[in-house]
Structure formats: C-alpha cells, structure tokens
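Thanks for passing this one along. Here are my notes, point by point, to read alongside the model.

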Amino acid sequence: MTKKVIFFSSSSGLPYFTGNGSLVLSYGIVTCLQSLGYEVTVVPVAVKNFNNSEHEKRKEFLQSKGIRVKVFESIKNAKESSGYFDLSRKVVFASSKNIYYIEKKEKEDLLKYIESENIDFLYAFGWGSLMLISNIPDVKKMVSVVDLLEFVYKRRRKAVNLMNWKSKYKNKFLFLIDRKNISATYEALSIVDYIVEHAYQHAQHLKGKILNTPVTYLPHPLEEKQQTYLKQQDALEDR
C-alpha cells in the first residue's frame with residue numbers, strides 16, 4: 001500500500017520550482033518524497049502576505065505533478081503574535097506558546113484528516129510548521145530548518161541597538177520574547193523523530209543542543225543524489 005506524508009510548508013506558501021530559497025528547497029523535498037513512492041499532500045501554514053492568484057497558480061502546478069494540496073483555513077491564516085499584549089502573555093505563560101504557537105482548536109480539522117487518511121508521517125518545513133505538528137501524537141515527525149532563531153535574534157539586536165532610544169527599549173522587551181521562542185522551538189525539536197538542517201554550521205550547533213533527536217545535514221538546494229538520506233530513515237521504511 002502506498003504510504004502517505006503531509007508536507008507542511010513555510011510562511012512563504014506552497015512549494016514552487018522558482019522564487020525564494022524556501023520555496024525552491026521545499027519543492028525539492030516534496031518531489032524527492034514523491035520519487036520515493038510517497039503520496040504527498042502539501043498543507044500551507046501561517047502564510048504571510050497571502051496572494052490568492054499566486055496560491056492558485058502554485059496549487060495547479062503541484063497538482064499537475066501529482067502532488068495533492070489541502071488547505072485548512074485556520075492554519076493557513078494563522079499569524080505570528082506581534083502585539084505587545086499578546087507577546088507579553090506568551091512570555092508569562094507556557095513555553096510552548098511562543099510566537100509560532102497555533103491553538104489546538106485551530107487544528108482540530110487537521111487531526112481528523114490525519115486519522116481519516118491514515119497518514120504515515122508528517123514533514124514540517126520551518127518553525128511555524130514545527131510548532132504545529134510537534135505535539136501531534138501517534139505519527140512519525142520530521143522537520144527541516146535553516147536559520148536558527150538565536151542567530152537571527154542576535155543579528156537583529158545588534159542592528160536595533162544602533163537606533164533610537166525607543167527602539168532600544170523595544171529591544172529589551174523583545175529579548176524576553178526571543179528567549180521564550182528559542183526555548184519553545186528547542187523543546188519542540190527534542191520531541192520530533194528526525195531533524196534535517198540545511199546549513200552545515202547550524203547542524204553542528206543543533207547536534208550539541210538536541211541530544212535525543214537525530215540531526216542530519218542535507219545541503220541546500222536539495223540534489224537528487226541526496227535522496228539516499230531520506231531512504232535511510234526509519235520514518236520512510238515499512239512499519
């Protein structure tokens with residue numbers, strides 16, 4: 001029987017053969033999974049600046065390649081927290097509720113779909129998708145990441161410190177948010193089954209941080225010869 005995988009895309013939207021690095025890399029991963037014999041369904045997660053015509057163009061393209069697209073409006077439209085009140089709330093409360101956190105009620109239809117379709121494993125691309133799937137039980141989970149949050153935040157703090165006093169004050173506040181985000185994403189990484197990192201130095205960094213989840217470096221962009229890595233994973237073997 002054909003095995004099924006759901007690929008959760010980044011905030012850039014549906015994978016595509018051209019565009020920014022996230023789109024191209026995610027398209028490479030999707031086609032790799034498909035070439036291994038998987039029935040692939042793509043689910044867009046927390047899409048920024050959603051453009052319906054662009055979405056439909058990519059959707060039609062993926063479907064022409066035999067790749068399914070399933071849209072859950074509450075998940076597609078989920079937004080990162082940005083207001084001070086909401087950010088403050090997420091500093092105080094549970095570590096899992098960081099800026100990428102998607103409430104359980106917003107993914108009820110997704111959970112029903114996973115069960116009804118007998119999905120074999122979930123593949124998350126990016127932090128929003130990771131936080132969406134990390135605590136979904138009884139299914140194998142793999143995640144691809146590129147930029148590590150602590151490095152992104154460190155560069156941002158350096159830039160903000162060069163600005164006016166108001167920006168510096170906001171920077172102090174954001175430090176608390178950043179710390180919570182890093183903690184929450186590392187917590188999520190520690191409970192998935194496999195981590196794929198597409199930057200070598202970041203893969204080495206994660207290997208020292210995430211001790212109970214295998215971390216593998218897979219160069220970006222994805223090349224056909226590198227499909228052998230995915231073949232070797234238990235998540236892709238018959239169970």
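1. Glu117 and Lys4 form a salt bridge through their side chains, at 3.4 Å from N to O (that is, a side-chain nitrogen of Lys or Arg within 4 Å of a carboxyl oxygen of Asp or Glu). Glu117 sits in the loop between α5 and β4 and Lys4 in strand β1, so this pair ties together parts 113 residues apart in sequence. Helices (H or I, at least four residues) and strands (E, at least two) are DSSP runs, numbered from the N terminus.

2. Before going on, please keep in mind that this is a predicted model: local features need pLDDT of at least 70, side-chain atom pairs count only at pLDDT 80 or more, and totals for chains, interfaces and linings use all residues. Residues are numbered from 1 along each chain as its sequence is written, and side-chain values use heavy atoms, with hydrogens and water left out.

3. Arg68 has a salt bridge with Glu39, with the closest N and O atoms 2.6 Å apart. Arg68 belongs to strand β3 and Glu39 to strand β2, so here the parts tied together are 29 residues apart in sequence. Arg68 is partly exposed at 33% relative accessibility, and Glu39 is partly exposed at 25%. Buried means under 20% relative accessible area, exposed over 50%, and partly exposed in between (1.4 Å probe, protein chains only).

4. Glu54 and Arg58 also meet in a salt bridge, at 3.1 Å from N to O. They are four residues apart in helix α2, about one helical turn. Glu54 is partly exposed at 24% relative accessibility, whereas Arg58 is buried at 11%.

5. Which residues of strand β6 are buried? Tyr194 and Val196 are buried on one side, and Ile195 and Glu197 on the other. Strand β6 runs parallel to β5, with four bridges between them, and parallel to β7, with three. Strands pair if DSSP finds at least two bridges between them.
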